[in-house]
Amino acid sequence: MATLPETQQVAVKRPELHFTAKKNWINDPNGLFFDGKQYHLYFQHNPNGVGHGFMSWGHAVSTDLVNWTELPIAILHGDVADIFSGSIVVDHENTSGFGNGSVPPVIAIYTAAAKDETNQSQAIAYSLDGGATFTKYEQNPILDRGSKDFRDPKVIRYESAEGSFWVMVAVEAIERRVLIYRSENLKDWTELSSFGPQAATAGIWECPDLFQLPVAGTDELKWVLIVSLNPGGIAGGSGSQYFVGEFDGTSFNPDQEQDAWDSLEFETLKQGRWLDYGRDFYAGVSFHGLPVNQQTIIAWMSNWDYARELPHGGWRGSMSTARQVDLVKDSDGKLEIRQCILGLPTAEETEQSTVNGEGRIELGSPALIELTTAGAVAEPVVVSLHRSDDTLISEISVESSLIQHRREAGLVSHELYSSNQRLPLPTDIDELLVQIVLDHGSIEILAADGRRSLTDQLTGEAVPAYAVVRTADGTTANVGVQTLRIQSTEINA
Ligand code: FRU
């Protein structure tokens, strides 16, 4: 099937609930941090075009995680190296010595990726103006293994009774390993341990994250390791798996050890834990600077299978909504991540209806549909989404699984784009709540109280004009629909 030439620019409507750059290419979120007042989002960015290249860190800030103000590029690529993904910490104790005595230095830890592809090593840059501008450390790199695929450092502050130190997780991508390092000053690093290969390994490992999460309803805290991989994700192409376990300051030990599956089969992959079951939720990482009971992640809402070839409007790529996460126990007593979309504006009115048979629902934009059915429905409940000219854009079918059928209705003609994604639903629920967030160009579905999520681009599609809900005889669905009214809160940049 033909793909659109990279240069083809079309009228792609900008999302309202999701971050997009004013122009040019973006991919992974980088250096997410909260400074006490504002959320900072840095992102992989090409300042020169709509393709992946000249990778630099773009920068945006927000007070509500929905309205973002884009600021000038924070870290620009150099002559010999691109600035690949990484993280940010605020060095309150000035362990790095970059501080000037008045403000704590904000330190970016990123991968310096040689443009000739001969080396990837870790480097740092410091900011003395709260994260607006950065100075690259003159003694970079700070960590070089002589590897071509060593990248995506995520640094956290590890606190223990014996004291605090910095911990970095980064991948040896081809080896499917997460390496764990320790430092006292962010400049000198000692290798502690490594994790993997385990579970899904059909693709290379990228963008790891290690953080603590509370177990809902208890005082317990557990450690979570996120590993994105590409390809080999549960929905095909890029995907994000996670492991729940313990981190003792040296090594990460998952509660369940798993074999390494070099498999692309859904039946094998579904044994793992996945952050999302859609096509477009990749490289998700958490914010530095938020308390453990407010851990929040944002992901890149795309997939390397087709990201470079999707139509664009002079800008290409967007971030997911921000998701607050915690842990809950599944029916086997295993812990799984639960997500809650943050910052959704409260709607002025909610329209409620009960569908028994077929019901048509008009949608505003952006829209939130909340569908509630009795736990295990015998026959599927189907929600189809249409344009005003009746074209079918996508269809969601809820039974023991939730299936999202992405139609090739509009601008995208790419052999890997049109696909059906399946999300196995938990079996231990009496009432199933499905939340569907519709913005221009995307659908985000949270099911079973946020225990399952499915994120797909609907590239080039404005929010659908109406939905049709169908239930089989004897099955009833309650449907609530809200139009989300965005309050503009531009930050004076
Ligand atoms: C993940 C990734 C990272 C890398 C970055 C380059 O999407 O491939 O591993 O640092 O993108 O833009």
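Student: Hi! What kind of model is this, and how are residues numbered?

Tutor: It is a predicted model, where local features need pLDDT of at least 70, side-chain atom pairs count only at pLDDT 80 or more, and totals for chains, interfaces and linings use all residues. Residues are numbered from 1 along each chain as its sequence is written, and side-chain values use heavy atoms, with hydrogens and water left out.

Student: Which domains is the chain divided into?

Tutor: There is domain 1 (9-341) and domain 2 (351-483); such bounds come from an automatic or database domain assignment. Their C-alpha centres lie 29 Å apart.

Student: How many residues does each domain give to the contact?

Tutor: Domain 1 gives 38 residues and domain 2 gives 33 residues, where contact means heavy atoms within 4.5 Å.

Student: And what area is buried between them?

Tutor: About 2,900 Å², with carbon and sulfur atoms giving 56% of that. Buried area here is the accessible area (1.4 Å probe) that two parts lose on being put together, summed over both.

Student: How many salt bridges cross that interface?

Tutor: The rule finds 5 salt bridges between domain 1 and domain 2. A salt bridge is a side-chain nitrogen of Lys or Arg within 4 Å of a carboxyl oxygen of Asp or Glu.

Student: How many are there in the whole structure?

Tutor: A search of the whole structure gives 28 salt bridges. One of them joins Glu336 and Arg451, whose closest N and O atoms are 2.6 Å apart.

Student: Where do Glu336 and Arg451 lie?

Tutor: Glu336 is in strand 23 (residues 335-341) and Arg451 is in the loop between strand 32 (442-447) and strand 33 (452-457), so this pair ties together parts 115 residues apart in sequence. Helices (H or I, at least four residues) and strands (E, at least two) are DSSP runs, numbered from the N terminus.

Student: Is Glu336 buried or exposed?

Tutor: Glu336 is buried, at a relative accessible area of 2%, and Arg451 also counts as buried at 13%. Buried means under 20% relative accessible area, exposed over 50%, and partly exposed in between (1.4 Å probe, protein chains only).

Student: Which residue forms a salt bridge with Asp449?

Tutor: That is Arg338, with the closest N and O atoms 3.3 Å apart. Asp449 sits in the loop between strand 32 and strand 33 while Arg338 is in strand 23, and the two are 111 residues apart. Arg338 is partly exposed, at 22% relative accessibility.

Student: Which residues are joined into a network?

Tutor: Salt bridges that share partners link Arg273, Asp330, Glu336, Asp428, Arg451 and Arg452 into one network.

Student: New topic: how many aromatic pairs are there?

Tutor: The structure has 23 aromatic pairs. Rings of Phe, Tyr and Trp (its six-membered ring) pair if their centres lie within 6.5 Å; planes under 30 degrees apart count as stacked, over 60 as edge-to-face and the rest as tilted.

Student: Why is the pair of Trp57 and Tyr110 called edge-to-face?

Tutor: Their planes are at 70°, with the ring centres 6.3 Å apart, so the pair is edge-to-face. Trp57 lies in strand 3 (residues 56-62) and Tyr110 in strand 6 (residues 106-114), so the pair connects parts 53 residues apart in sequence. Both Trp57 and Tyr110 are buried.

Student: Which cluster are they in?

Tutor: Ring pairs link Phe33, Tyr42, Trp57, Tyr110 and Phe134 into a cluster.

Student: What about Tyr158 and Phe165?

Tutor: Their aromatic pair is tilted, at 5.2 Å centre to centre and 45° between the planes. Both Tyr158 and Phe165 are buried.

Student: Which charged end sits over the ring of Phe165?

Tutor: The charged end of Arg182 does, 3.5 Å from the ring centre. A charge sits over a ring if NZ of Lys or CZ of Arg is within 6 Å of the ring centre and within 35 degrees of the ring normal. Arg145 has its charged end over the ring of Phe150, 5.5 Å from the centre.

Student: Last one: where is Thr476?

Tutor: Thr476 is in the loop between strand 34 (466-470) and strand 35 (477-483), and it is partly exposed, with a relative accessible area of 33%. Thr476 and Thr373 are 103 residues apart in sequence but 6.5 Å apart in space, C-alpha to C-alpha.
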